[in-house]
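Here is a short tour of one protein chain, written for someone who likes to check geometry by eye. Please keep the viewer open while you read.

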Amino acid sequence: MEDGAIEFNVPAFRDNRKLVALENGGLHNPSALVFKSSWNGESKISKRKSLDYPITSSVHRPSKDEDIAFMSIMELGELIRTKQVTSRELTDVFLRRLKRYSPVIKSVITVTDDLAYKQAKEADDLLEQGKYLGLLHGIPYGLKDIIAVPEYKTTWGSKTFENQVLDIEAYVYKRLKSTGAVLVAKLVTGSLAYDDIWFGGRTRNPWNIEEFSTGSSAGPAASTSAGMVPFAIGSETAGSITYPAARCGVTALRPTFGTVARTGVMSISESLDKLGPFCRSAIDCAVVLDEIRGKDAGDPSSREVDIEDPFHVDITQLTVGYLDSAEMEVVNVLSAKGVKLVPFKLNYTVESVQSILNITMDVDMLAHFDNWQREGLDNVYEAQDQWPVELRRARLIPAVEYLQAQRARGKLIREVKESFTVDAFIGNATDWELVCLGNLVGMPVAVVPTGFKSIEDPPKSGTRRRTTITTGIYAPPDHDHIALALAMAYQSVTDHHKQRPPIDDLGSDNDV
């Protein structure tokens, strides 16, 4: 066996590494093993059609920039369309906020001033010519800094790649550019998309500045929460949308796997990575998803899915389950709006969902950063108890056991599908078992703010800092419209998502 390994295996390993592993980040040479999350074979595909957005009227420009900063996409879009504000003026508002709050919150890696003003001018010029591109026309936004934009650094949050410039236009950036949206910043990603620690520090939660944001989409979540951008694009492999959205009190959507092409985006795991929006509301999430969804040749897992219109869902015809971990306020509100709510539990025989996810994610990540580790660059990684430990351990996972994990994943998916007897269910957005399961299955979840509570050990002098309460609305793959429709119904009669964090009133008893 040893002689055979030396003669056959090791040379093959070295040849393969030379072919595909010299470039880090998984941007090139995607795997031939493609994961499909659809439960109905090939997804239904039809001619792309836009969603039937509700009419926004009687929107007037506020006198204060602070009020403009916390308006929804729908409201800002109406101000742009009716020429009450220019894209240049909006860009000024959000660039000032990015520069003002980022030194404390640490949620921004690169402010893209020049590009932002160029794109804002193009948006304003088009409108003067009578050309309106839609709700994102002239609206500023931010991108997690694993998403490539030509001529700007794409640092992946790591000191190893701090000066990296990729001559790649990511698919999601191209989609947003085509809508007339204005990129104002590349936002913090935890180093190599792991947690909230990056080469510039650690991203903080605007609702409680002494607390960190958690999750690698820390920058998109914190920046949206603080009114530094109207919306942002983040990513999730295992909790990087759900955790920071919950911590920072913003609405977010982790879409069905494959809904948004990941071309030009740093990869951790080709069968787990997903891109999704952080917004002020579920309506805004629907707007953004509608614009960024789509298939691209650079991402074999991406699909042109015929997403149904969440604005046309009759929620009174839905049966929605709720787990023991569900926020009962959400259950009660939806029940009052005519939704049938029933106790619910997913049944499956897999004992360790987490082990399947860890084996999958860690081996895939190591394949994408094999050269980085072999060169010893993991020794200068920002958090030594994170990727360095996991990737060294991953090198000891035999190929047979990796494939057995994928077979166990297939069994899990089949069992979840069989026990998914409701149209959607409500549960804790950050329950680790649900996070692992949802990502392995590829199911969407809408993260919804549902309230606030006092921070632990508040100062005696009092404080406006709060701990946010959230819930997750989960739907089967390709049923993002159901999760969005339920989230919109809840937010139509509550205002938790409209609250503003106390970033200008931190109090005298904080250590930051």
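Predicted model: local features only at pLDDT ≥ 70, side-chain atom pairs only at ≥ 80, totals over all residues.

According to an unreviewed UniProt entry, the annotation "domain: Amidase" covers residues 89-420.

Now to the helices. Two packed helices are described by the angle between their axes and the distance between the axes. For α4 and α5, the axes come within 8 Å and cross at roughly 160°. Angles over 145 degrees count as roughly antiparallel, and α4 and α5 are therefore roughly antiparallel to each other. Their crossing is right-handed. The residues that meet are set out here:

| Helix | Range | Residues in the contact |
|---|---|---|
| α4 | residues 87-105 | S87, R88, T91, D92, L95 and K99 |
| α5 | residues 113-128 | D113, A116, Y117, A120, A123 and D124 |

By class, this contact of α4 with α5 brings together five nonpolar, two polar and five charged residues.

Where do F35 and F257 lie in the chain? F35 is in the loop between α1 (2-20) and α2 (65-69), while F257 is in the loop between β9 (251-254) and β10 (274-279), so the pair ties together parts that are 222 residues apart in sequence.

Technical notes: Residues numbered from 1 in each chain as written. Heavy atoms only, no water. UniProt positions renumbered as here; feature names shortened; annotations may be inferred. Axes fitted to C-alpha atoms, helices over the stretch in contact; angles between N-to-C directions. Helix = DSSP H or I, 4+ residues; strand = E, 2+ residues; numbered from the N terminus. Parallel < 35°, antiparallel > 145°, perpendicular 65-115°, else oblique. Left-handed = near helix turned anticlockwise from the far one by under 90°. Contact = heavy atoms within 4.5 Å. Nonpolar A, V, L, I, M, F, W, Y, C, P; charged D, E, K, R; others polar.
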